[in-house]
Amino acid sequence: MNTAAETNTAAETRAVRTAPAGAAEAVRAARKQARRHRVLVPSLLGAAVLVLFAVYVLLGTYTFTIPDFFRILFGEQIPGATYILMESKLPRAVIGTLIGVGFGIAGAVFQTLLRNPLASPDVIGISYGASASAVAAIVLFGAAGTTVSAVALVGALAVALAIYLLARRGGVAGYRLILVGIGFAAVMQALVSFLLTRTDIRTASEALVWLNGSLNNSSWDRAAVLAGSLLVLLPAAAVLARSLRGLELGDDAAAGLGIRVETARLALIIVAVALAAVATAAAGPVAFVAFLSGPIARRLMRGETTLLTAGLVGACIVLAADFAGANLIPGVTLPVGVVTGALGAPFLLWLLVTSNRVGQGG
């Protein structure tokens with residue numbers, strides 16, 4: 001009896017001693033798997049961007065073989081083909097990729113910062129500010145080209161500043177900034193409609209092309225300006241990503257982690273607004289890219305928000321949407337904003353329905 005008791009006691013002791021080691025091993029395995037997943041998903045998305053970029057450039061109405069592509073890229077002149085590749089397809093693909101990254105990261109920052117999937121630049125009025133400014137420049141002053149882009153950039157920044165100042169009373173709360181932004185969006189949309197009714201058909205058609213979000217006016221000059229802007233803004237977003245993860249836990253938790261809450265929030269808003277503004281200035285308000293990228297990236301990352309993943313998702317959406325718009329219907333070229341709008345509108349309705357169902361709507 002005593003021997004059996006001693007045996008049982010020894011077994012229990014061994015179990016107690018080995019349980020923590022087993023639990024620790026399970027935790028280490030889970031962490032290793034999570035780290036592998038955090039590397040695997042962005043890697044696959046990066047590969048998807050490269051594939052979509054290659055499909056966009058090589059295929060379509062005018063196709064290129066891979067050898068011809070590299071011969072043209074390294075300076076060989078092929079009549080007709082060189083111009084189509086170097087002055088049309090390639091700058092268009094580059095700008096599509098860059099604006100996708102900009103919109104995707106901007107949307108993810110706003111949605112994470114305000115803890116609301118509705119908080120994207122194209123919902124809370126920032127893109128509408130760019131649109132109203134650009135249409136005013138086109139209709140009232142006959143602006144075109146880079147002038148329209150510059151005015152759109154200034155308009156987006158001005159509207160974002162006004163939204164922030166009106167929403168910051170007592171600290172910027174997510175719901176308050178969203179509601180103020182939606183109010184500004186309604187005002188800007190009404191202004192756009194008024195301007196379009198007061199101009200001639202030709203000018204209105206030019207404005208509508210820009211309003212739909214289009215890559216038709218892509219050029220290397222525009223790509224260079226956009227790339228230069230992103231070279232400044234993307235590192236700033238990467239530096240602020242740690243503060244964003246802290247703010248996602250709430251203001252009190254972020255303050256406990258040593259984050260200066262208001263300073264970090266303002267810096268993140270400035271960077272996100274600038275990303276959305278330069279992307280809008282380059283191609284117009286491409287609908288719902290910022291809105292879709294964050295939730296898709298979060299789903300792929302199993303609930304975790306990473307700006308890199310959101311940016312890559314945005315690039316995939318723009319490249320795939322513009323390629324589909326140019327080739328889906330024979331003889332018809334749809335602006336990229338029309339295709340992304342068709343994708344985003346059902347998602348918005350689904351989000352509103354499911355949010356209300358669980359008592360989170362409004």
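**Charged pairs, rings, a helix and a core**

Trainee: Which helix holds both D68 and R71?
Mentor: This is a predicted model, in which local features need pLDDT of at least 70 and side-chain atom pairs count only at pLDDT 80 or more, while totals for chains, interfaces and linings use all residues. Residues are numbered from 1 along each chain as its sequence is written, and side-chain values use heavy atoms, leaving out hydrogens and water. Helices are DSSP runs of H or I with at least four residues, numbered from the N terminus. D68 and R71 sit three residues apart, about one turn of the helix, and both belong to helix α2 (residues 66-73).

Trainee: How far apart are the closest N and O atoms of D68 and R71?
Mentor: Side chains of opposite charge can pair when their charged atoms come close. A salt bridge here is a side-chain nitrogen of Lys or Arg within 4 Å of a carboxyl oxygen of Asp or Glu, and by this rule the count comes to six. D68 and R71 form one, with a closest N to O distance of 2.0 Å.

Trainee: Is D68 buried, partly exposed or exposed?
Mentor: Buried means under 20% relative accessible area, exposed over 50% and partly exposed in between, with a 1.4 Å probe and protein chains only. Because its relative accessible area is 22%, D68 is partly exposed.

Trainee: Where in the chain do the partners R298 and E248 lie?
Mentor: R298 and E248 form a salt bridge whose closest N and O atoms are 3.2 Å apart. The pair links distant parts of the chain, 50 residues apart: R298 is in helix α11 (residues 289-300), and E248 is in the loop between α8 (220-247) and α9 (251-256).

Trainee: Is the ring pair of Y56 and F323 stacked, edge-to-face or tilted?
Mentor: Rings of Phe, Tyr and Trp (its six-membered ring) pair if their centres lie within 6.5 Å, with planes under 30 degrees apart counted as stacked, over 60 as edge-to-face and the rest as tilted. The structure holds six aromatic pairs. The centres of Y56 and F323 are 6.5 Å apart and their planes meet at 50 degrees, so this pair is tilted.

Trainee: Which helices do Y56 and F323 come from?
Mentor: The two residues are 267 residues apart, so far as numbering goes, and the pair links distant parts of the chain. At 7% relative accessibility Y56 counts as buried, whereas F323, at 24%, counts as partly exposed. Y56 lies in helix α1, and F323 lies in helix α12 (residues 307-327).

Trainee: At which residue is α3 kinked?
Mentor: Helix α3 (residues 81-113) is mostly covered, 27 of its 33 residues being buried. The bend at a residue is the angle between axes fitted to the seven residues ending there and the seven starting there. The kink is about 30 degrees, comes shortly before the proline P91, and lies at K89.

Trainee: How many residues make up the largest nonpolar core?
Mentor: A nonpolar core is a set of buried Ala, Val, Leu, Ile, Met, Phe, Trp, Tyr and Cys residues joined through side-chain atoms within 4.5 Å. I99, F110, V135, L215, L226 and L307 touch the most other members of this core, whose residues number 106.
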